[in-house]
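Subject: Structure handover

Hello,

Here is the structure for you to look at. My notes follow below it.

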Amino acid sequence: MQRTVFQILREAGDRPVMPLSCRHLARGLKHGLMLLCRGQWRELQIRLRIALGQIDLKVDPSETVSERTHYYADSGGLAFDRILANFAISAADAIVDFGCGKGGVLISLSKYPFSRITGVEISPDLADIARDNIRKLRISNVDIRCCDAADFKQLDTYNYFYFFDPFPSVVMAGVLGNIEQSLARQPRKVTLIYLNPFCHDLIEAGQVFSKTATLDHFEHDCFIYSNRS
Ligand SMILES: C[S@@+](CC[C@H](N)C(=O)[O-])C[C@H]1O[C@@H](n2cnc3c(N)ncnc32)[C@H](O)[C@@H]1O
């Protein structure tokens, strides 16, 4: 389908696909100009390629959910950058995006100096699209594992874990158990960044993590948790 210049400008300003309005168009123009003025060519290029459909982050309405999965959606982009601005990321940090989908957040994370960025995705189709997106953008510091999140247990080198409402409590319980075992092996400070925190009560009930902040996100709650010392 032919995309209009208005659609491209709007989506260049932000990722979520919303009905075109003057407000969104103005925001797209504002953010595009802001990136130009700051000389953020790489970011502008990524946003335009997403808007042009060269990088596939689209939601598929025919997607089904199961007892171990929630839907795919993309949370990368400016709203995610606003969340990450609250952390002083350095090369001492490493992050897992549990349920990485098509890699939208991995693309956003690749701008920060993490030593390691790993996406875990249960759907082979989505994992393949994520790999393709990462390859097209020539991003080299990201790796993608295709498995159930609860089966990814090599967590000792990571200190940040990101979740955008990827799965129900039955999976989250397994993932939290794996993180807790990793903390017992390798004590360290760990931060959970949880957008749309469906399993908040489960985390609080676990006694290992407590909520330390609620961050500004234009669409969802974003809760931050740290392990209790
Ligand atoms: C809401 S999307 C988030 C995508 C990406 N993290 C982002 O924020 O843009 C959730 C993703 O989690 C994946 N997922 C669901 N259940 C999973 C499971 N048990 N193990 C691994 N991935 C899972 C889904 O296939 C979907 O791609």
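Helices (H or I, at least four residues) and strands (E, at least two) are DSSP runs, numbered from the N terminus. This is a predicted model: local features need pLDDT of at least 70, side-chain atom pairs count only at pLDDT 80 or more, and totals for chains, interfaces and linings use all residues. Residues are numbered from 1 along each chain as its sequence is written.

**Domains**

The domain assignment gives domain 1 (5-51) and domain 2 (78-227). Such bounds come from an automatic or database domain assignment. Taken over C-alpha atoms, the centres of domain 1 and domain 2 are 26 Å apart.

**The ligand**

The shell around the ligand holds 27 residues. A residue is near a molecule or strand if its C-beta atom, placed from the backbone, lies within 6 Å of it. The closest are Thr69, Gly99, Gly101, Phe164 and Pro166. α5 (104-109) and β2 (116-121) each supply at least two residues of the shell. By type, the shell has 13 nonpolar, eight polar and six charged residues. Here Ala, Val, Leu, Ile, Met, Phe, Trp, Tyr, Cys and Pro count as nonpolar, Asp, Glu, Lys and Arg as charged, and the others, Gly among them, as polar.

**Helix α6**

The 13 residues of α6 should span 18 Å at 1.5 Å a residue, and its end C-alpha atoms are 18 Å apart, which agrees. The expected span is 1.5 Å times one less than the number of residues. Which residues of α6 are buried? They are Leu126, Ala127, Ile129, Ala130, Asn133 and Ile134. Seen down the axis, the buried residues of α6 fall within an arc of 160 degrees, so they line one face of the helix. The arc is that of the directions from the helix axis to the C-beta atoms. Buried means that 20 or more other C-beta atoms lie within 10 Å of the residue's own; exposed means 12 or fewer, and partly exposed is in between, with C-beta atoms placed from the backbone.

On the other side of α6, Pro124, Arg135 and Lys136 are exposed. The buried residues of α6 pack against α5, β2 and β3. Contact means C-beta atoms, placed from the backbone, within 7 Å.

**Helix α7**

α7 (residues 169-185) has 17 residues. From first C-alpha to last it reaches 24 Å, close to the 24 Å expected. Val171, Met172, Val175, Leu176 and Ile179 are buried in α7. These cover an arc of only 130 degrees around the axis, which puts them on the same side of α7. An α-helix has 3.6 residues a turn, so residues three or four places apart point the same way. The buried residues of α7 pack against β1 (94-98), β4 (160-164) and α8 (200-205). The face turned away from the buried side carries exposed Val170, Ala184 and Arg185.

**Helix α2**

α2 (residues 22-37) has 16 residues. Its first and last C-alpha atoms are 22 Å apart, close to the 22 Å expected. Gly28, His31 and Leu35 are buried in α2. They cover an arc of only 75 degrees around the axis, which puts them on the same side of α2. The face turned away from that buried side carries the exposed residues Cys22, Arg23, Lys30, Leu33, Leu36 and Cys37. Gly39 follows α2 and has a positive phi, near 70 degrees.

Most residues other than glycine have a negative phi, and most peptide bonds are trans. Arg138 has a positive phi, near 55 degrees. Arg138 sits in the loop between α6 (124-136) and β3 (142-146). Arg138 counts as exposed because it has 7 C-beta neighbours inside 10 Å.

Asn196 also has a positive phi, of about 55 degrees, and is not a glycine. Where is Asn196 found? Its place is the loop between β5 (191-195) and α8. With 18 C-beta neighbours inside 10 Å, Asn196 counts as partly exposed.

**Two alanines**

Ala85 lies in the loop between α4 (78-84) and β1. Is Ala85 buried or exposed? Ala85 has 11 C-beta neighbours inside 10 Å, so it counts as exposed. Ala85 and Cys100 are 15 residues apart along the chain, and 20 Å separate their C-alpha atoms.

Ala205 is in helix α8. Ala205 has 10 C-beta neighbours inside 10 Å and therefore counts as exposed. Ala205 and Leu29 are 176 residues apart in sequence and 44 Å apart in space, C-alpha to C-alpha.

Best wishes

Terms used. Contact = placed C-beta atoms within 7 Å.
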